[in-house]
Amino acid sequence: MTYVKPTFRHPGLKKNKVGFTKADYQGAISTLCAGCGHDSISGAIVQACYELSVEPHKLAKISGIGCSSKTPTYFLSNSHGFNSVHGRMPSVTTGANMANRDLIFLGVSGDGDTASIGMGQFCHAVRRNLNMVYIVMNNGCYGLTKGQDSATADFGSVSKAGKTPTTFQAIDLAGLALELGATFVARSFSGDKTQLVPLIKAGMSHPGFAFIDCISPCVTFNNNKGSTKAYDYVREHIESTSSLDFVPFQEEINVEYVEGSSTDVTLHDGSKMHLSKLSPNWNPTDRNSAVNRMQVAKTNGEVLTGLLYIDPESTELHDLMGTTDVPLNTLREDVLCPGSEALEKINASFR
Amino acid sequence: MMKELSTVNDMVIRFANVNGTGSASANDIFSKAIFRMGIPVSPKNIFPSNIQGLPTWYEVRINEDGYLGRRAGIDMLVGVNPQSQVKDIASVRPGGYYLYDSTKKLHAEYIREDIHYIGIPMMQLSMDNYEIPRMQQLFKNMIYVGTMAALIDIEMEVIKNIIREQFPTKEKLWPPNFKALDLGYDFAKANYTCPLHIRVERRDKVGDSILIEGNNATALGAIYGGATVAGWYPITPSTSVVKAFETYCKKLRKDPKTGKNNYAIVQAEDELAAMGMVIGAAWNGARAFTATSGPGVSLMSEFIGLAYFAEIPVVLYNIQRGGPSTGMPTRTQQPDIFSAAYASHGDTKHILLFPSTPTECFEMAAECFDLADRFQTPVIMMSDLDLGMNSHMTAPLKWDDNKKYDLGKVLSADELEKMAKYGRYLDVDGDGICYRTIPGTHPTKGSFFTRGTSRDEYAKYTEDGSVYVQVVDRIAKKWETAKQYVPAPEFYQKEKRSNKGILFFGTSTYAAIEAMDLLTKEGIVFDAMRIKALPFNQSVEDFIEQHEAIFVVEQNRDAQFRSVIINELETNPKKLIKVLNYDGSPITADTIMEKIKASLEISQKNSVSNKMS
């Protein structure tokens, strides 16, 4: 069953620009295992939406099947949610997005959901540059069915359920997304909220497919010694491309950066990302350098996190297709139905 | 002694062509010319699963009595494909005609004593008059159209007008086409007695009908019905639905001010994704559809179950083809009755509509959206290859400009504002249908979590058995409610006149009506019913109840429709007699007649032997 949190709110809670407190962005109490990385990501989503002043009903949260896909119940209870079928979140989100281009679409998936059963749909959502944020809560295993290795489990990694080292190569979803032409690619860690929150905010402001591969340890089946998706392992091997701040459009910039080591990326809507570069020889707007940097990290055994690549000139699917500016779901017969006169002409063309 | 055929406006002509040689447009001109002479015509494409090179046929039935079903027996074969010559010659009925390209002499062993041969040096004429090889090929097609005009007496001016209309802005294309027509026409006139004993003659028997493919009409239905989102994956014979939708959208659905699209069409990566897109769009308040065929329905089945259980209004046009598996992808059947009616795992059943003409394709394609929105469930329109990919003479498409879309029970922001507590799956009205909300409607009210798992009336996850039963029983109640909304069957008699009934649906209709007329002439009278929808309305149940024996005509091996009747109405299987055709060709009146008569003879013998014993 789903647990419901009390709706009482302290009157003194701080409200954001659209009049909501942070508590208004929360969801039901999580039924995931205590310490699950996914709950931290849910927390980061709540934080990001509150800070960005997203109107909750203007966001749709859509997921597939699995532990990760359960999380949309645990955040944004004032948003419509859709827990669809295994591996098919991208297509459902595509359709939902076609119906109303004005909403923010937040897709939540897992490594089984995305890298195995839903691999095809993931790839095609990337290449269409569907306007959405796509978060993979990546723990390298199938939690709900008791810990089988997933396709993102690293070669040689040992899970509690598997006990023997993984014999297959891992699928690197961030690398794949880059290869497929994704316009926003990031990797993060559920334990690094200071990095994850601005990444989610930037992803929501990005017009196009914003992919965040978020390593999120499974405390029950894959947090043991020998696992490369365990808290300890990730903390020991984490490397960041940059430290990151997201500054929404028209908000005053008051962060100071050491000259020479920081980069600004301006997004379509005028928002800015300040990246204090920690990685040398890497340019966030150059796909080749991102691919190269990721390969270097792989060779060095680093878990590279942060924003990896962004295309500031991204054109999302609706603009590629030439869809009208108003949401299609608001159009009615007066606009949609060509009427009997037009039909008479059509009839005549078939005589 | 050769048998002489002598008929006016009653014949079957078959064109044997090579796929990819431009014959389709010449053949269309031929059919349209007959149609414009006021004579009912029914063309059928018989084509292989191939792009170029393999044999393809185009069979035209001309019948002034208006029988439009396929008829066996070819009166005249226009053979422009050497590859299929042996088979083609063998297919002509005794006394019939074989028209061939005499540029190469016909081999002696191809000569049958019981048919007429008409040789026209088509390729020679074309090569003598046109220089570019591709043109020689294309105009060869017009040469045989011209020859046919002379042989069966088609009005030449009618043909020329069709060509003028085909190229309204390219007048320079007219003379070379007219020249090709004349080459064929003049050669036939000079060398054969024209017209032949089988010929056409102007009539006034088509009224205001149109000649249109079912898939074209289906696409127009989607446009008039307000579809804005299409997710699809190419599969024969459904592809032309979405292609036509796109073509008409470009003409009819551009915003007049901005020129932007009031529609979104996404070619998906597979049928699963296509259905996922439709579900996502419909969930988010747009009217959305996909078009597919049998294999696509199989792939979409998991998602169809989600839409059924989560109560999302999706529309699917299933243009059926020969199964199972890849089956006969370019041949017609009605083999998806089971897989559509009960698509997906668990207890599921879906509203099906069965159009039998392009006019009904148009009407039902639009109606699907009202039904889907009203019942918040998948609605599947069951067309087929014969209906979808062939032109049919049919009543003109009509639309009532006062019609408003029935969007069903959807709450507005104001309505939500006034509500104390919203429950997505609360049966407030007692008809099994609950109130939906569309994402983005109200800042704090009406949001809920859509899921394929079991949930309570407030959309909260539950595994409580009694709550689950309440939910699935309520969904079943919608099925009962739907019986009053889906199209009622058509009856072909004012009152009961026989204890025997005949029941049919979809494209078996043409042949069934013809068979009934033929049987009536022999003194065998039936009451007839054409079913248009599942669930079955009360009148379907009554008809079955009121007749002792009912012949169920359908185009699949396992009599699937009959099984659905037995399953849904608990009818005694013994009173439902199978009349089946599943060779991939449209069913004929002769087939129906033969099977019914054979069955009647058996039952007569049985009753005689019963009496004797």
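These are my notebook entries on a few things I looked up in this structure, which is a predicted model.

**Entry 1: the domains of chain B**

I began with the domain assignment. For chain B it gives domain 1 (7-199), domain 2 (212-394), domain 3 (409-482) and domain 4 (490-612). I then looked at how domain 1 of chain B meets domain 2 of chain B. Their centres, taken over C-alpha atoms, are separated by 35 Å. Domain 1 of chain B brings 12 residues to the contact, and domain 2 of chain B brings eight residues.

Which elements supply the domain 1 side of chain B? I found helix 1 (23-36) and strand 3 (41-46) of chain B, each giving at least two residues. Strand 3 of chain B has the largest share, with five residues. I also sorted the residues on this side by kind: seven are nonpolar, four are polar and one is charged.

**Entry 2: strand 5 of chain B**

Next I picked strand 5 (residues 74-79) of chain B. Six of its six residues are buried, so the strand is largely enclosed by the rest of the structure. I wanted to know its neighbours too. Strand 2 (residues 10-18) of chain B pairs with strand 5 of chain B in the parallel sense, over four bridges. In that pairing, B:F15 has B:V78 as its bridge partner. Strand 6 of chain B also runs parallel to strand 5 of chain B, and five bridges join the two. Here I noted B:G79, whose bridge partner in strand 6 is B:Y100.

**Entry 3: helix 3 of chain B**

Then I turned to helix 3 (residues 122-129) of chain B, where B:M122, B:L125 and B:S126 are buried.

**Entry 4: the nonpolar cores**

Last, I checked the cores. The largest nonpolar core has 275 residues, and A:F211, B:I279 and B:A288 touch the most other members. Helix 4 of chain B supplies the largest share of this core, 11 residues. Leaving out residues up to four places away in sequence, B:A288 touches residues including A:G95, B:A227, B:V278 and B:V315. There is also a second, separate core of six residues, and A:C141, A:A153, A:C218 and A:F221 are among them.

Definitions and conventions
Residues are numbered from 1 along each chain as its sequence is written. Chains are lettered from A and ligands numbered from 1 in the order in which they are written. This is a predicted model: local features need pLDDT of at least 70, side-chain atom pairs count only at pLDDT 80 or more; totals for chains, interfaces and linings use all residues. A residue is buried if 20 or more other C-beta atoms lie within 10 Å of its own, exposed if 12 or fewer, and partly exposed in between; C-beta atoms are placed from the backbone. Domain bounds come from an automatic or database domain assignment. Two residues are in contact if their C-beta atoms, placed from the backbone, lie within 7 Å. Ala, Val, Leu, Ile, Met, Phe, Trp, Tyr, Cys and Pro count as nonpolar, Asp, Glu, Lys and Arg as charged, and the others, Gly among them, as polar. A nonpolar core is a set of buried Ala, Val, Leu, Ile, Met, Phe, Trp, Tyr and Cys residues joined through C-beta atoms within 7 Å. Two strands pair if DSSP finds at least two bridges between them.
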